[in-house]
Amino acid sequence: MRRKRVLPLATLLLCAPALAGTSPAAAAPQTAPAPAPASGGPLRILLTNDDGYDAPGIRKAFERLTAAGHDVTIVAPLTNQSGTGTKMSNAPAVTVKHPEPKVWAVDGTPGDSVAFGLAEVFAGKAPDLVVSGTNFGPNVAGLATHSGTVGGAVAALEHGVPAIALSTGGLSVPDPVTTVNAMGPTLDFAVKLIDRLRSRARSGPLLPEGVGLNVNHPVVGTDGKGKAAGVSATFQDPQTVLEPDFTDAGDGTWKTTVKVVLRPAARGGDIEAVSAGRIAVSPMNGDWNTGPVDQAVTSALIIGLRP
C-alpha cells in the first residue's frame, strides 16, 4: 500500500488555505468547512465534550467563547461519556433533547453528538470549528487514545471540519475545586489560540483538512488565577499510563482495577510539558494510517503565544 506523504507542519500551516481541498482522511468528508470569517468576525463553533452537556467545563467554555464574540452551539452527550474514545453508536434510534436555546443533548457518545450536530444542527453549512471540552482531567499519552473528548474532535476531522480538543489537569488524581478553577486559564488560552488560527487562516479554513490540535492545560495555583509556565509544541507520549488488572473472584467473575503507571516522560512529549506546568499543544490526525504528523505545525502556530 502506498503511504501518503505527510508534509511538515510548518508547511501545512503556512499553506492552509491552499490545502483546503486536499484531505489526508481516508473517507470523503460529509460536509465541507466554510472559509473562516475575516479576522475579527465571529466564528460559528460547535462545542462538545465527553463529560456531558451540563458539565462545568463545557458550560465555562460556552460562556468564555461567547464572551469572545463567537457564535457557539453546544451539541454534547446527554450523560457522562468519559473514556468512550472514537466510539459511534449504531442504535436504530437516538434520543436528542433541546433543553434550552443553543444547547442540544444527544443520548450517545461525543462522536454521535458531533455527527448529529453536523448533519442536523449545522445542516447545509458546517461550523467553522469544533471545540471539544474542556475536559475534567488530562488527555495526554495513552489517555488521549481512549478519550471521548479527543474522540469528539476526531469525529469532526473525519467530516473535514477543523477541531480542537481541550483538557485541564495534571497526572495526579484531579482535585475538583482546583481543576475547575484551572478551566478559566485553559479557556483564556483557547481564545488566544483560536484568534491565532483565525489570523493565520487569511479567511481560509482554520487548519488544514484532517489536522486538529490536542491541547492540555496544567492545573496551576488553586484559585484559577495562576499562569502556566509556557506553551510547548508537543507530541503524544507513547506510554499507555493506564494499566488494567484482573483478579479471578472464583465464581465466574473477575474484579477489575485500573492503575496509573508513569514511566519516564518522552522528551518533547505532552507528559513532559504538562508535568513542567506548561501547556501542551499536540497535532492530531483523523487518519491514523498516514503516520505521525510533524510537530513543526504546532511549533509554527504557537510562536509568541503566552498562557
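Reader: Which residue takes a positive phi just after helix H5?

Author: Just after H5, Gly160 has a positive phi of about 80°. The labels H and E denote DSSP runs numbered from the N terminus: helices are H or I runs of at least four residues, and strands are E runs of at least two. Please note that this is a predicted model, in which local features need pLDDT of at least 70 and side-chain atom pairs count only at pLDDT 80 or more, while totals for chains, interfaces and linings use all residues. Residues are numbered from 1 along each chain as its sequence is written, and side-chain values use heavy atoms, leaving out hydrogens and water.

Reader: Which residues other than glycine have a positive phi?

Author: Lys102 is one of them, with phi near 70°; Ala141 is another, with phi near 50°. Lys102 lies in the loop between strands E3 and E4, whereas Ala141 belongs to helix H4.

Reader: Are Lys102 and Ala141 buried, partly exposed or exposed?

Author: One compares relative accessible area, found with a 1.4 Å probe on protein chains only: buried is under 20%, exposed is over 50%, and partly exposed is in between. Lys102, at 32%, is therefore partly exposed, and Ala141, at 0%, is buried. Over the whole protein chain of 307 residues, 51% are buried.

Reader: How many residues of H5 are buried?

Author: Of the 11 residues of H5 (148–158), 10 are buried, so this helix is largely enclosed by the rest of the structure. The buried residues run from Gly148, Thr149 and Val150 through Gly151, Gly152, Ala153, Val154, Ala155 and Ala156 to Leu157. Their cover includes helices H3 (110–121) and H4, together with strands E5, E6 (163–168), E7 (211–217) and E11 (279–285). Such cover is judged by contact, meaning heavy atoms within 4.5 Å.

Reader: What reaches the backbone nitrogen of Thr149 at the start of H5?

Author: A side-chain oxygen of Ser147 comes to within 3.0 Å of that nitrogen.

Reader: How is the pairing of strands read?

Author: Two strands pair if DSSP finds at least two bridges between them. Strands E3 (96–100) and E4 (103–106) run antiparallel and are joined by three bridges, with Lys97 opposite Ala105. Together they form a hairpin with two residues between them, and Lys102 is in the turn.

Reader: Which strands are joined to E11, and do they run parallel or antiparallel?

Author: E7 runs antiparallel to E11, with six bridges, and E8 (231–233) runs parallel to E11, with three bridges. Ala280 of E11 stands opposite Asn216 and is also the bridge partner of Ser232.

Reader: Where do the side chains of a strand point?

Author: In a regular strand, side chains alternate between the two faces of the sheet. In E11, Ile279, Val281, Pro283 and Asn285 point one way, while Ala280, Ser282 and Met284 point the other way. Seven of the seven residues of E11 are buried, so the strand is largely enclosed by the rest of the structure.

Reader: Where is Thr48, and what does it touch?

Author: Thr48 is in strand E1 (44–48) and counts as buried because its relative accessibility is 0%. Leaving out residues up to four places away in sequence, Thr48 touches residues including Ile58, Val75, Pro110, Ser113, Val130 and Gly133. The peptide bond from Gly133 to Thr134 is cis, with omega near 10°, and Thr134 lies in E5.

Reader: How much space lies in the second largest pocket?

Author: That pocket holds about 400 Å³. Among its 20 lining residues, Phe136, Gly137, Pro138, Leu143 and Leu242 are the closest to its centre. E5 (129–136) and H4 (141–146) each supply at least two lining residues. A pocket is an open set of points on a 1 Å grid over the protein atoms alone where a 1.4 Å probe fits, with protein on both sides within 12 Å along at least five of seven lines; lining residues have an atom within 4 Å of a point. Points are joined across faces, edges and corners, and the volume is the space filled by probe spheres set on them.

Reader: How many of the lining residues are nonpolar, polar and charged?

Author: The lining has nine nonpolar, nine polar and two charged residues. Here Ala, Val, Leu, Ile, Met, Phe, Trp, Tyr, Cys and Pro count as nonpolar, Asp, Glu, Lys and Arg as charged, and the others, Gly among them, as polar.

How values were computed:
Polar contact = N/O pair within 3.5 Å; in protein donor to acceptor, adjacent residues only side chain to side chain.
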